[in-house]
Amino acid sequence: MERHQIEAAVLIFVSAVLYWLGYEFQGWLFQFTEHVPGVNWFYLPAGLRVVFVLVAGLNGALGIFAATVVINLLHMKDLNGTLLLLTAVASGFGAWLALLFMRWRGKIDAGLTVLTSAVLIQYALIYALFNAVFHQAVWWIFQRDGAIFMVDVWPMFVGDLLGALFFLYALKVVPKFKS
């Protein structure tokens, strides 16, 4: 296996494990923010999604996808088959599609050298919109029990936005270490 493949596998694995741990932490500490299963008014793992995708790109998205499959199997007993996989696709690739959109608009470069507060807010907003709409559309189209698109999309959007902004701004204030 060549070095590039090993690095990709490590990024996918680390993203998957950390995302799964973030989900478990969310359930332990922020269960009270749950609107309905899978929809929270504050969703801390959303911040992990945007950070992993910013840092690891497609590999981060693949790790989130893999972790979401496991999370869905363990915690979302009403999700199975196509619905389970498409929910994992929405979870894994919403932030990545938002990043591609921001790059296409020239707002985020590959080196992440111009991450201003305005750009981070735009990225978080677009990610939260994509993620909430993708999840809710999948659940509505495949008729997930209890899913109501126009009711559930708003708490998911707010929860993802707050979780993403929390992580992005936490990273902005972390002191920069120089070697």
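F167 is partly exposed, with a relative accessible area of 22%, where buried means under 20% relative accessible area, exposed over 50% and partly exposed in between, for a 1.4 Å probe and protein chains only. The structure is a predicted model, in which local features need pLDDT of at least 70 and side-chain atom pairs count only at pLDDT 80 or more, while totals for chains, interfaces and linings use all residues. Residues are numbered from 1 along each chain as its sequence is written, and side-chain values use heavy atoms, with hydrogens and water left out.

**Aromatic pairs**

Eight aromatic pairs are found when the whole structure is searched; rings of Phe, Tyr and Trp (its six-membered ring) pair if their centres lie within 6.5 Å, and planes under 30 degrees apart count as stacked, over 60 as edge-to-face and the rest as tilted. One of these pairs joins F101 and W104, whose ring centres are 5.8 Å apart and whose planes stand at 35°, so the pair is tilted. Both residues belong to helix α4 (residues 81-104), where they are three residues apart, about one turn of the helix; helices here are DSSP runs (H or I, at least four residues), numbered from the N terminus. Of the two partners, F101 is partly exposed at a relative accessible area of 30%, whereas W104 is exposed at 69%. The pair of F166 and F167 has ring centres 6.0 Å apart and planes at 75°, so it counts as edge-to-face, and F166 is partly exposed, with a relative accessible area of 48%. Ring pairs also link F101 and W104 with F130 and F134 into a cluster.

**Salt bridges**

| Salt bridge | N to O distance | Location |
|---|---|---|
| R3 and E7 | 2.9 Å | both in helix α1 (residues 3-29), four residues apart |

The spacing of R3 and E7 corresponds to about one turn of the helix; R3 counts as exposed at 65% relative accessibility, and E7 as partly exposed at 37%.

Terms used: Helix = DSSP H or I, 4+ residues; strand = E, 2+ residues; numbered from the N terminus. Salt bridge = Lys/Arg side-chain N within 4 Å of Asp/Glu carboxyl O.
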